[in-house]
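I opened my notebook to look up a few things in this model.

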Amino acid sequence: MMNKRLKTSSDKAVVNVWQRQLGELSARNFAHRLGGSEDLVLRLDVHRKLDKHRGCVNTVSFNADGDILVSGSDDRRLILWNWETGKVKLSFHSGHNNNVFQAKFMPYSDDRSIVTCAADGQVRHTQILEKGQVESSMLARHRGRAHKLAIEPGSPHIFYTCGEDGLVQHFDLRTGAPTKLLTCQTLDGRRSNLPVINLNAIAIDPRNPNLFAVAGSDEYTRLFDIRKYNWDGSSDFGQPTNYFCPPHLIGNDQVGITGLAFSEQSELLVSYNDEFIYLFTREMGLGPNPPISMSSDASEMSDDHESEESPSSMDTDEKTVPQVYKGHMNSQTVKGVNFFGPKCEYVVSGSDCGRIFIWKKKGGELIRVMEGDKDVVNCIKSHPHTMVLASSGIENDIKMWTPKALERATLPQHIEQVSIPGRLIWYTIGDEDEDDEYSYDDYMFDDDDNDENDEDDEDEDDDDNDSDDQDEDDNDSDDEDEDDGGGGGGVGDGDNVENENGRN
């Protein structure tokens, strides 16, 4: 038994190679075991920085083959990258008049169809034509910011969006007309200051695309079944089929949800602001009529949760307790959360401290902490086929991580959750169409001169990569600079949680 405990991931890799040579391990299983090796996670290092945006990068997404990355930013531009070489394939204005929050390729479109949503509430479709020309059209608009969209797996036509207006919309590019599925309401009139749930995240179950989950400014993740919707509008589709929430957070009006992700095994990952990340299986659902206040049993569970011996791994005898992942900070911005590995073996998240956190999915053990941004890491995207990560945040660049380090990384001795030094975040409540919705107050750093130099350099680079669109971008540069100063409204505390869902 002792010898088994002392085996390292390198030892296991040698055994796997031996088994593969003897034919005891199939090629597919060998590739999965190698791809999901902890050794590769511990060797992740910055392969390249992609630095052409002139504002915070709020969204990164790979195409199906994994060779092209699309990014969107506060500068309102979309850039298509060959991430391995760092070369820009195409750069163009998105058509949005505020910060781009998400951009994704539609499947089976030869990477020529991209859908986006943004702080202006618009949902747009961009088609890439011959010779790099682009054609962009607005499909619909949310009242308030639209943070996320979700594409039906394998469909080149169908996707969903959600926004701070609580609205979930269904789009079919073949018709061009959106369908307003539902407006997410609070439970039994709770949180009277919130007429609707401001939605921050939406995700579709890859094993059953009929199911999609949404979450936002309260403690519940709501699961819907699109098959229950009557397309003539005659049914009441507003009732979820299931709710998910850790028992100790039921009735807690101080938390909200910033990120959702489904695994290939239909597990649901939920990231809370000012709290932790939780992994739910279908059996952990609360049903269509969840409790709205914490029971005494849940209260005791909450006390245990806060103790030093709070469960870092799921008790197999307690099927209702979700796996928890701790260590990161999620207070200032709307952060995503994701799975990593060929079989979703790991959980990854950014943090307010500028680090990237990686946990083992099974057991919740924190195994890797990486410096990802000088300020805040908001986006982490996994490559569709290999152990590669793309990350972005408040800085203007994208960092590509590959397992190239010669030495295996170790965890820092003291992982402290600290606020960003020298930076205060202010949020302005105003008209939803205003560009200056939130801003930074840098009282220790003066980057004005650097910003001007960066803009000069960017103008040169954009002349090479995007001459057709540069004139339009230059006309917008004053507005973009104003937006760049307003980069990071976040999920805040208490009653203002619905108004502080800044960027992705």
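Entry 1, the whole chain. I am working from a predicted model. I looked up the secondary structure and found eight helices and 30 strands in the chain. I checked burial next: 54% of the 504 residues count as buried. The accessible surface comes to about 22500 Å². Carbon and sulfur atoms account for 44% of that surface. I then took the contacts between residues at least 6 apart in sequence; 57% of them join residues at least 24 apart.

How many disulfides does the structure hold? I found zero. I followed up on C184, which is in no disulfide. Its nearest cysteine sulfur belongs to C162 and lies 9.4 Å away. A disulfide needs the two sulfur atoms within 2.5 Å. C184 counts as buried because its relative accessibility is 3%. C344 is also buried, with a relative accessible area of 8%.

I traced an open sheet of four strands, in the order β1-β28-β27-β26. The pairing is antiparallel. Which strands stand at the edges? They are β1 (44-50) and β26 (377-382). Each has a single partner strand, so one side of each is left without a neighbour in the sheet. From one strand to the next, the twist averages 25 degrees.

I picked β27 (residues 389-393) and β28 (residues 398-403). They pair in the antiparallel sense over four bridges. I looked up the bridge partner of L389 in β28 and noted W401.

Terms used: Residues numbered from 1 in each chain as written. Predicted model: local features only at pLDDT ≥ 70, side-chain atom pairs only at ≥ 80, totals over all residues. Heavy atoms only, no water. Buried < 20%, exposed > 50% of the residue type's maximum accessible area, 1.4 Å probe, protein only. Pairing = 2+ DSSP bridges. Helix = DSSP H or I, 4+ residues; strand = E, 2+ residues; numbered from the N terminus. Axes fitted to C-alpha atoms, helices over the stretch in contact; angles between N-to-C directions. Contact = heavy atoms within 4.5 Å. Areas by Shrake-Rupley, 256 points an atom, 1.4 Å probe, with all protein chains shown as cover.
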